[in-house]
Amino acid sequence: ESVKSKLIDDKVGYVRLTAFNENSSDQIKKVIKKFNNNKNLKGYILDLRNNPGGLLSQAVRISDFFLENGEIVSTKGRKKSENRKFFAKSGDITNGKTLIVLINYGSASASEIVAGALKDHKRAIVLGENSYGKGSVQSIIPLKNNGAIRLTISKYYLPSGESISRVGITPDIKIEEDSDAFVINTDTDNQLNFAVKLLNG
């Protein structure tokens, strides 16, 4: 289980993703379909705070849920032949409803790909604090002694052509954590409270 969700004020679909694993996109799809049955739904909040990332394929699928077309991410390595681009297929499963993405310093890698793609395409308002800045693609090479080498083979680039490495994603609206009492998805979560106010407009 990498997805937690709840309906806020009967009109905001809150979806928190804690990692990008094999079934994250299926879980998100299920949750969004359920929320879509609600006639009062105003919009969505996708919470990627403290999400360290995971599978690139899942980052692409989840970005694609909210996009009708366009580039999601590209990877560039030393060899031209290994460079790849990933594009969105048509069909936004939220029917274009307002989307706010929450990020913070703990949002890395796949989280930054999703937040960056949705921001570059002006599909979402990104809110919170600057993300971590992990823009490298790694390959795991197994060794005979049951160990492994993790080797960086290429870098991620956003649709705008910017690299995420060491810079991260800058939010459209910067909201810092309020206090030491701050806990994600509780009353002390001022970033989430701000996002809900924004959606309730």
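A: Gladly, and one term comes up at once: helices and strands here are DSSP runs, numbered from the N terminus. With that numbering, Ile184 is found in the loop between strand S10 (173-174) and helix H4 (190-200), and please keep in mind that this is a predicted model.

Q: Is Ile184 buried or exposed?
A: Ile184 counts as buried, because its relative accessibility is 13% and the cut-off for buried is under 20%.

Q: Which residues does Ile184 touch?
A: Leaving out residues up to four places away in sequence, Ile184 touches Tyr14, Arg16, Asp47, Arg49, Asn50 and Asp189. Of these, Arg16 is 168 residues apart from Ile184 along the chain, with 9.8 Å between their C-alpha atoms.

Q: Switching topic, how many residues are in the largest nonpolar core?
A: That core has 38 residues, and Ile28, Leu46 and Val101 are those with the most contacts inside it. Several elements supply at least two residues each, including strand S2 (12-17), helix H1 (24-36) and helix H3 (110-120), and H3 gives the most, with 6 residues.

Q: And what does Ile28 touch?
A: Not counting residues up to four places away in sequence, Ile28 touches Val3, Val15, Leu17, Leu46, Ile62 and Phe65.

Q: What about the strands, how do S8 and S9 pair?
A: Strand S8 (residues 136-142) and S9 pair in the antiparallel sense over 7 bridges, with Gln138 standing opposite Thr152 in S9. Their hairpin has 5 residues between the strands, and Asn146 there takes a positive phi near 70°.

Terms used. Residues numbered from 1 in each chain as written. Predicted model: local features only at pLDDT ≥ 70, side-chain atom pairs only at ≥ 80, totals over all residues. Heavy atoms only, no water. Core = buried A, V, L, I, M, F, W, Y, C linked by side-chain atoms within 4.5 Å. Buried < 20%, exposed > 50% of the residue type's maximum accessible area, 1.4 Å probe, protein only. Helix = DSSP H or I, 4+ residues; strand = E, 2+ residues; numbered from the N terminus. Contact = heavy atoms within 4.5 Å. Pairing = 2+ DSSP bridges.
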